[in-house]
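The tour goes stop by stop: select, look, move on.

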Amino acid sequence: MAVGVCRGAVLWVLVLQLAWALVGGQLRYSVPEEAKAGTVVGRLAQDLGLEAGEPEARRLRLVSQGRRASVEVSGASGALVVSSRLDREELCGKSSPCSLRLEVLVERPLRVFHVELEVTDINDNAPVFNVKEEALNIAELSLPGSRFPLEGASDADVGANAQLSYSLSPSEHFGLDIQKTEEESDSLFLVLRKPLDRETMPIHHLLLTASDGGRPPLTSTVELVISVLDANDNAPQFNQSVYKVKVLEGSEPGTLFITLSATDLDEGISSDVMYLFSKHVTAEVKEMFSIDENKGEMRLRGNLDYEEKDSYEIAIEARDKGFPPLSGHCKVVVEVLDVNDNAPEVWVTSLSLPVPEDAAVGTVVALLSVSDRDSGANGHVRCTVWPPAPFGLVSTFAGSYSLVLREALDRERVSEYEVEVRAEDGGSPPLRASRGLRVPVSDVNDNAPAFAQAVYTVLARENNAAGAELSRLFARDPDEAGNGRVSYSVSESGGGAAVSGGGWRPASSYVSVDAESGRLWALQPLDYEELQVLQFEVRAVDAGEPALCGNATVQLFVLDENDNAPVLLPPAGGGPGGGSAVSSASGAGSAELWAWATWGAPAGQVLAKIRAVDADSGYNAWLRYELWEPRGKRPFRVGLYSGEVSTARSLEEADGPRQRLVIVVRDHGEPARSATVTLSVSLVEGAEAALGASGSGSSGAGLRPAEGGVSAASASVTTTNVWLVVAICAVSSLFLLAVVLYGASRWLPRSAVLSGAGPTTLVCASEVGSWSYSQRQSRSLCVADGAGKSDLMVFSPNFPPPPAPAAENGSAGKSPFLSPFASGACLSTPRMCPGVALLPQADCN
């Protein structure tokens, strides 16, 4: 243990000696920073006195002292070379000079050498500011000369490379002041040279440049951002003093129509602006509009109506929050744009009703006023009237129209008009309105009463009761009230009738018409044998002013009734002796005649001819002759329609000297009327028959009456022969015409009855015998296209010539006598289809 202690003490002594030796033999080298690797710093081995090869042999090396030396000893040459980057600022910072102390160890013997390596500075570091941008806040009201300290830059280099100089970008408001101090760094100040105006330039941007003293110098910059702190010295300002905005009427509440913006050049709370209605704004405006205090947005609060108000002027105040608060003002003019939201309106300002139907064209019926609360094209109104006739519109001036008469009126055609005045504006889409007018037309007496027919045919049976209604007439007057109230009367000068026996009686003695109803009454019973046709006029008069009238012709045809029994006529001519007895009972008449017949007279020999006449007409006057007694097989017969008594076979003595024949003469009426005649036939020899025939003075059969005086009747019959035919034709034709017209008016279309003449057909009597007819007139009728139909065929009577002048006491009844034909006279019957005409007379050759 003692040995160990001794060895330790010896080594410690050796180390101390070596250290001392090394200190006394310290080496110094210098190398610039940032030298490249491999750069020889110094010949360490040579400087230590080592021979060649010895550094390697003795293991010459650096001893690390805990930090990187960035140099090393080259083993072969023993030189001290740079092994890695040398950065003076990293190694020494701002220390100057920058020396590195190195220990070099050599073995065999072990020796330690101290080497001092000085790293010299190069200008490899530019000045550096702590920040890239420095913000400064300077009050707007700062006075010129005010100083504001700045932080300078730093340079990692040392010496002249670290000597900094400063410069400031040009500025009219600021300058740079550098104060040298005893310390290493200088003091920098920013000096205010000119008053600031934040509203003009709220922020100033300056560039501060720092330059070192190196060659070449390196620089660095920092931006100075100088914010001018506001003072409330500016009121808010609108960019316009008057804002004009257009808003459609009817826009929804809440619609944003403008955003106001006021700027305050101040900042901070002094630049915060509130938007308010001016204190002079009316409550109406505040109810209609709203404004956002913070955003300046103006919105609709109510409903805009152009027709109530077309514009608004709103005073707006912008107030900041500075102290004291400042305000700016503007005016917002809101123009309300019209939309087509109002339909036209039509008023009737004056009405003149009713309109007389005789009003002249151009008569003003009504005055109308038309308006539309909208404006422009939306308020331009066009008016029309419907229907376009008979009224029209005439514009008198803007918005006023007259409803005038365009065409003549006729109340009977249209008594009232529904007129619609239509108005349409010019908007898009257009709005329409209408006003209905009821225009009644007042009546004037411009229509005369008119009968449905110009000619009325009335059929009336004879023997009618007095006061019986014959027909009803009707005249229509389309006027109203008194103008259309019709009264009827029989015209005093409108007609009458000639009666048989001569004379003229007015129609008013036969008929009367009810003034109100138009009923036609019979004033007395009618007698066909007295009056066949009564023609008169009925007058219809209205109650207008002046009164108008209309006329109609009434043809009253009296229809025959079978009210007359056949009347027997005395034979033509008469002889002496004999007698007759005529009697009548219950409308039937009887007579007794005598005749002679010769024994052996052949069959068919005419012994006598019975003659009779009927005062009626037509079938009522159509007679037939029948042998009533004796019955059974008798030697005599009577012609059914001729009345000729002839032998049915040869007369024999067995027939006796005398035959009594009862002959009945009947008409065709309903019920039939008849007359009887008793014919006594004496059977004599031929000489006696000749004597009787000469004694009787008759050119015909041996027939004589029971008493004389028959020659006057025969003369009268011969005189009236021609007139009898004419009368029969006329009366019968008129009767048939009346029947046909009456039937046609009831059962056939009016257009189906036309009149026209056709071919004429002759109807002649046979030579065997003839019918007996009355003297009344008859007609022939045909309808449509068929052949003519003759209900009665009238023939001229064939009387034997009278032996003496006509005597009035031989007439029977009120009419001429009728007798059988002998000459074959005929009546032409014209064919008329369609139509009716009287039968003309013609001779048969």
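Select Val606 and Ser646. Ser646, in strand S50, is the bridge partner of Val606. Strands here are DSSP runs of E, at least two residues long, numbered from the N terminus. Now widen the selection to S46 and to S50, residues 644–647: three bridges join the two, and they run antiparallel. Two strands count as paired if DSSP finds at least two bridges between them.

A word on what you are viewing. This is a predicted model, where local features need pLDDT of at least 70 and side-chain atom pairs count only at pLDDT 80 or more, while totals for chains, interfaces and linings use all residues. Residues are numbered from 1 along each chain as its sequence is written, and side-chain values use heavy atoms, leaving out hydrogens and water.

The open sheet has the order S46-S50-S49, with antiparallel pairing. Its edge strands are S46 (606–609) and S49 (636–638), each pairing on one side only. On average, neighbouring strands of this sheet are turned by 20° against each other, direction ignored. The axes behind that angle are lines fitted to C-alpha atoms.

Next, colour by pLDDT, the predictor's confidence in each residue, from 0 to 100. The protein chain has a mean of 76, and 76% of its residues reach 70 or more. Select 574–588: here the pLDDT is below 50, yet the stretch has 41 contacts in the model beyond near neighbours in sequence. A contact means heavy atoms within 4.5 Å. Residues 694–702 also have pLDDT below 50, with 15 such contacts. Where pLDDT is low, the predicted coordinates should not be read in detail.

Go to another sheet. Four strands form an open sheet in the order S24-S26-S29-S28, with antiparallel pairing. At its edges are S24 (345–351) and S28 (391–397), each pairing on one side only. Neighbouring strands are turned by 30° on average, direction ignored. Zoom in on S24 and S26 (residues 364–371): six bridges pair them in the antiparallel sense. Trp347 has Ser369 in S26 as its bridge partner.

Now show the aromatic rings. Rings of Phe, Tyr and Trp (its six-membered ring) pair if their centres lie within 6.5 Å; planes under 30 degrees apart are stacked, over 60 edge-to-face, the rest tilted. The count comes to ten aromatic pairs. Select Phe257 and Phe289: they are edge-to-face, 5.5 Å centre to centre, with 65° between the planes. Phe257 sits in strand S17 (residues 256–259) and Phe289 in strand S20 (residues 289–291), 32 residues apart. Both are buried, meaning under 20% relative accessible area with a 1.4 Å probe, protein chains only.

Which way do Phe289 and Tyr312 meet? Their planes are at 80° and their centres 5.2 Å apart, so this pair is edge-to-face. Tyr312 is buried, as is Phe289. For a cluster linked by ring pairs, select Phe238, Tyr243 and Tyr275.

Two arginines come next. The charged end of Arg147 sits over the ring of Phe189, 4.4 Å from its centre. The rule asks for CZ of Arg or NZ of Lys within 6 Å of the ring centre and within 35 degrees of the ring normal. Arg505 lies over the face of Tyr510, at 4.6 Å from the ring centre.

Last stop: Leu559, in strand S42 (residues 549–559). At 12% relative accessibility, Leu559 counts as buried. Among the residues that Leu559 touches are Leu459, Tyr528 and Phe735.

Key: Axes fitted to C-alpha atoms, helices over the stretch in contact; angles between N-to-C directions. Buried < 20%, exposed > 50% of the residue type's maximum accessible area, 1.4 Å probe, protein only. Lists of a residue's contacts leave out its neighbours within four places in sequence.
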